Amino acid sequence: MAQDNSSRVTEFILLGLSDRRELQLLFFTLILLAYTMVLLGNLFIIVTIRTDPKLSSPMYFLLCNLSFIDICYTSVTAPRVLVALLSGHKAIAFEGCMAQLFFLHFVGSSEMFLLTVMAFDRYTAICRPLHYTAIMARRACWALVAACWAGGFIHSIVQTVLMLQLPFCGPNTIHSYFCDVPPVIRLACADTALTEWLMASNSGLISLGCFLVLVASYALILAKVRARVSQGNWKALSTCASHVMVITLFFMPCIFTYLRPAGTLPTSKYVCVIYTILSPMMNPLIYTLRSSEVKESMWRLSKRCRT
């Protein structure tokens, strides 16, 4: 549908989480607390791993990258929603909306790929321990992380280009607190059925595919541990349990949100809170509480900082 420049939407209105002022203050407090925990917790993990030579294994290298991605991922949405809750300013420019959508999918899909790589790392460590150092050499780890970012970039470019092809000339109210494909595509002044299916195939199948690979890898790990019980294997299984907690928090809401055309069911903005804010906040807690090495290293680092 052709539209002249005068009828094109130049900004969107993000309705946020609630219109009630008392709830806005409550959400502001909770999100500010969660965002602070994301920043401090993940920064502490990064500094701890980077400064402790004992945490030089591939698992901790990947964990360091996961912490960096979590900071970036939450920073795409949290600062803006905090400003909107405090000031009441809900407008976002069209270009800003598309930029937020791009970076959300760029960093989010990169995290999905990285979690899959971390599952492969645990599978290799438990199921092929004699070949672990050769398979997960530092150069291979860097290549895998680079591939995660490249895959995320390609996925996000496809999503953004599909969105930019759509005309926006009518309503500009987004029933969410950030710009994402499902709520924004409903505002297009055109038949979006094909685009919706393409986007659902893109984001949804990536989410589902990574999740199935993760489930399969941990199933193989569990079978291996049951067949060969030892203290080392149970310790590795404990590490895998923390990974399962992360992927459950992160992937299930994503699959619910993206593995369907945007117009079939409304997407709950409260479900979106789980994978944009809650999951990145839980990652530092889950990994530090399940890893004695990280806890000991953090304790040593905190003692050095106090002296």
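Predicted model: local features only at pLDDT ≥ 70, side-chain atom pairs only at ≥ 80, totals over all residues.

Me: Let's start with Thr77. Is Thr77 buried or exposed?

Reply: Look at relative accessibility. Under 20% means buried. Thr77 has 0% relative accessibility, so Thr77 counts as buried.

Me: Which element holds Thr77?

Reply: Thr77 lies in helix H2. Helix H2 covers residues 58-87.

Me: Which residues does Thr77 touch, leaving out those up to four places away in sequence?

Reply: Look for heavy atoms within 4.5 Å. For Thr77 the list is Gln100, Leu104, Phe178 and Thr276.

Me: Now Ser279. Where is Ser279 placed?

Reply: Ser279 sits in helix H9, which spans residues 269-290. Apply the accessibility test again. Ser279 is at 0%, so Ser279 counts as buried. Then list the contacts. Beyond its neighbours within four places, Ser279 is in contact with Val246, Leu249, Phe250 and Ile274.

Me: How far apart are Ser279 and Thr248, in sequence and in space?

Reply: Read two numbers for a pair like this. One counts positions along the chain, the other is a C-alpha to C-alpha distance. Ser279 and Thr248 are 31 residues apart in sequence. In space, their C-alpha atoms are 9.1 Å apart.

Me: What about Leu32: buried, partly exposed or exposed?

Reply: Between the two cut-offs, under 20% and over 50%, a residue is partly exposed. Leu32 has 36% relative accessibility, so Leu32 counts as partly exposed. Leu32 is found in helix H1. Leu32 and Ala78 are 46 residues apart along the chain, and their C-alpha atoms are separated by 8.0 Å.

Me: Let's take helix H7. Is Phe211 in that helix buried or exposed?

Reply: Phe211 is found in H7, residues 193-227. Its relative accessibility is 17%, so Phe211 counts as buried. Phe211 touches Phe251, Met252 and Ile255, with residues up to four places away left out. Now its pair. Met112 is 99 residues from Phe211 in sequence, yet the C-alpha distance is 8.4 Å.

Me: And Ile206?

Reply: Ile206 is also found in helix H7. At 19% relative accessibility, Ile206 counts as buried because the cut-off is under 20%. Ile206 and Tyr258 are 52 residues apart along the chain, with C-alpha atoms 9.5 Å apart.

Me: What share of the chain is buried?

Reply: Of the 307 residues in the chain, 50% are buried. The accessible surface comes to about 14,400 Å². Carbon and sulfur atoms hold 70% of that surface.

Me: How many helices and strands does the chain have?

Reply: Count the elements, then read their order. The chain has ten helices and three strands. Along the sequence the pattern is β-α-α-β-α-α-α-β-α-α-α-α-α.

Me: Where does UniProt place the feature "transmembrane region"?

Reply: Treat a record as a label to compare with the model. An unreviewed UniProt entry places the feature at residues 25-47, 59-78, 98-120, 140-158, 204-225, 237-258 and 270-289. Check two stretches. Residues 59-78 are 100% helix and 0% strand, with end C-alpha atoms 28 Å apart. Residues 140-158 are also 100% helix and 0% strand, and there the end C-alpha atoms are 27 Å apart.

Me: Last topic: pockets. What volume does the second largest pocket have?

Reply: Read volume, then lining, then residue types. The second largest pocket has a volume of about 190 Å³. Its lining includes Ile49, Arg50, Tyr60, Phe61, Arg138 and Trp142. Helices H1 (21-51), H2 (58-87) and H5 (138-164) each give two or more residues to that lining.

Me: Which helix gives the largest share of the lining?

Reply: Helix H2 does, with five residues. By type, the lining of this pocket has seven nonpolar, three polar and two charged residues.

Conventions. Residues numbered from 1 in each chain as written. Heavy atoms only, no water. Helix = DSSP H or I, 4+ residues; strand = E, 2+ residues; numbered from the N terminus. Buried < 20%, exposed > 50% of the residue type's maximum accessible area, 1.4 Å probe, protein only. Areas by Shrake-Rupley, 256 points an atom, 1.4 Å probe, with all protein chains shown as cover. 1 Å grid on protein atoms, 1.4 Å probe; cavity = no way out; pocket = protein on both sides within 12 Å on 5 of 7 lines; lining within 4 Å. Points joined across faces, edges and corners; volume = space filled by probe spheres on them. Nonpolar A, V, L, I, M, F, W, Y, C, P; charged D, E, K, R; others polar. UniProt positions renumbered as here; feature names shortened; annotations may be inferred.
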